[in-house]
Amino acid sequence: MSKRIKKQHLISGPTLALAATLLTLVQGWAADAHPNVKQRPQLVLSIIVDGLRSDYLELLGSYFGPDGFNKLMAGGVTLDQVEYGSGIDAAGAVAILYTGAEPAVNGIATASTYSTERKMQLPTLSDPSKIGNYTTETLSPAALRVSTLADEIRIDGGGASYAHALAPDAARAIIMAGHAGNSAFWINDANGQWATTTYYLEVPTAVSARNFSQPLSARIDTIGWSPSLDVSAYPALPAHKRYYPFHHTFSGQNKFRDLKGAAPVNREVTDLAEEYIRTMQLGARDAMDMLSVGYTVAPFSGSSDTGARLETMDAYLKLDRELARLLRAAEAAGPTMVLLAGTPAPASTEADDPKWQLNTGEFSARKALSLLNMYLIARHGNGEWVTDYDRGSFYLNHKLIDEQNINIEDLRDDAAKFLMRMTGVANAYTIDDILEGRRPASQRRNTVVAAAPDVYVEVIPGWVVVDDFTEPHNPVRTTVRSGAAVAPVIIYAPEHLQSARLTSMVDARRIAPTVARVLRIRSPNAAAQPPLSELFPAPKFE
């Protein structure tokens, strides 16, 4: 026994000395490195702006104050062209931003989906198992198939982190709050109250106090929207538009809905967001919190001017002041990272004056459906072969097709070829063309197969699509205009990212993993794209 002990001492002496030396060196390196380790933000402020455009940010840069857009652009990473792909709306864009996945995976392409059973559009987030709070709407994030940034922040904090979301509309609020969020609130179209779903268990005091002490219904008659500047001071206005200011008020049956698409709604959102930060101490606690807010600068539908150019510029100026106010509140609470992301502005659907003699015509949905059904009757016998139309898409009668033992892919192809021969149709294709790669890959990414129609029609730009099928007595008339589905994104985290500007096209699916890397959390579980590596230069070892 004594020999073995002696041998161990002979071996261990030098080893222990070396280990002690290495430990001293490592501790010294750690002490030197510790001051340079960047701490995570305490508050993630995500700001989603419907209709945000890079060209307007450039045009109005000298009109903005120092603490809003200009602060974020000067100190953050600006991505001029974040690309979302076709076939989505603001809800679908937010889902891509927050999940890092395309609609085919995350389940959300648009805020509403056509129901062939009920013959109407229903909210994609509809969930009859839940009830509304301050609303009759029944919604939840159940249709969102994958995790979001908000979910991952909550999971990372073990439940101690908060994730709240506020937006004028329900779809954005719920998607931003995700599955694990504490609360999601939006403005009710019917009564103007901040509403939610019982899926989320929390009703913060800030919301209930505002609904009872400062309800929008008691103030909306006093809310107006006029230009912030003299009309002649706005840049890039055609001469004939420099003399006509606007003034909008909000009244009538749809007054709350109209307000939600106008610049003054942004102030309502900021007012409540400030209360959230103050009353819940977001960013000032020993946990990383997330507050998501939704704004709009999309062209105002109530404008008498084609494109609502003057109102749009004024909306940017007013939003700049709201951003400055929100940023001051957030940064006063604690270290803040800001994600400012635009969702693509919808293309204008207004018809041009006939005096310009542009090529145009009308595509009647009811007529097209009727003619297609007559053609299929002649080919396959009596029956209602085509049952529904919705937003440029046709739905076939699957039950009848099964009963007649007809190959549905062949029938779809036959229907598309017939529609292609109609006047005003630029292209027609089927869901099979999308799934089998005969259409652009970006379209496959943004197609939610479970809700997809059978046949799609693209009408020539400049033509008017008359939806006299859904509303035969009051048809919706939409002028077709093409537009790229791109918008800017700014990631503001001065402690973690150097300011930069990227003008090349960026896939929107890369935003979530990039934000996750800055925050040092997991990416959402369906985010298959890598972060933007150019924002994270390789460390230098000396």
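**Helix packing and an antiparallel sheet**

In this predicted model, helix α8 (residues 205–213) packs against helix α11 (residues 264–280) at an angle of about 135 degrees, and their axes lie 9 Å apart. The crossing of the two helices is right-handed. On the side of α8, the contact is made by Ala 206, Val 207 and Arg 210; α11 contributes Glu 268, Asp 271, Leu 272, Glu 275, Tyr 276 and Thr 279.

A second element of the model is a sheet. Strands of a sheet pair through backbone hydrogen bonds, in either a parallel or an antiparallel manner. Here, four strands form an open sheet with antiparallel pairing, in the order β14-β15-β17-β16. Strands β14 (386–390) and β16 (425–430) are the edge strands, each of which pairs on one side only. On average, neighbouring strands of the sheet are turned by 20 degrees against each other, direction ignored. Within the sheet, strand β15 (residues 393–396) and strand β17 (residues 455–459) run antiparallel and are joined by two bridges. Phe 394 stands opposite Val 455 of β17.

Helices also accompany the sheet. Helix α13 (residues 365–380) packs on the sheet and touches β14 and β15; the direction of α13 makes about 155 degrees with that of β14. Helix α15 (residues 408–420) lies across β15, β16 and β17 and runs at about 180 degrees to β16.

How values were computed. Residues are numbered from 1 along each chain as its sequence is written. This is a predicted model: local features need pLDDT of at least 70, side-chain atom pairs count only at pLDDT 80 or more; totals for chains, interfaces and linings use all residues. Side-chain values use heavy atoms; hydrogens and water are left out. Axes are lines fitted to C-alpha atoms, for helices over the stretch in contact, and angles run from 0 to 180 degrees between N-to-C directions. A crossing is left-handed if the near helix is turned anticlockwise from the far one by less than a right angle, and right-handed if clockwise. Contact means heavy atoms within 4.5 Å. Two strands pair if DSSP finds at least two bridges between them.
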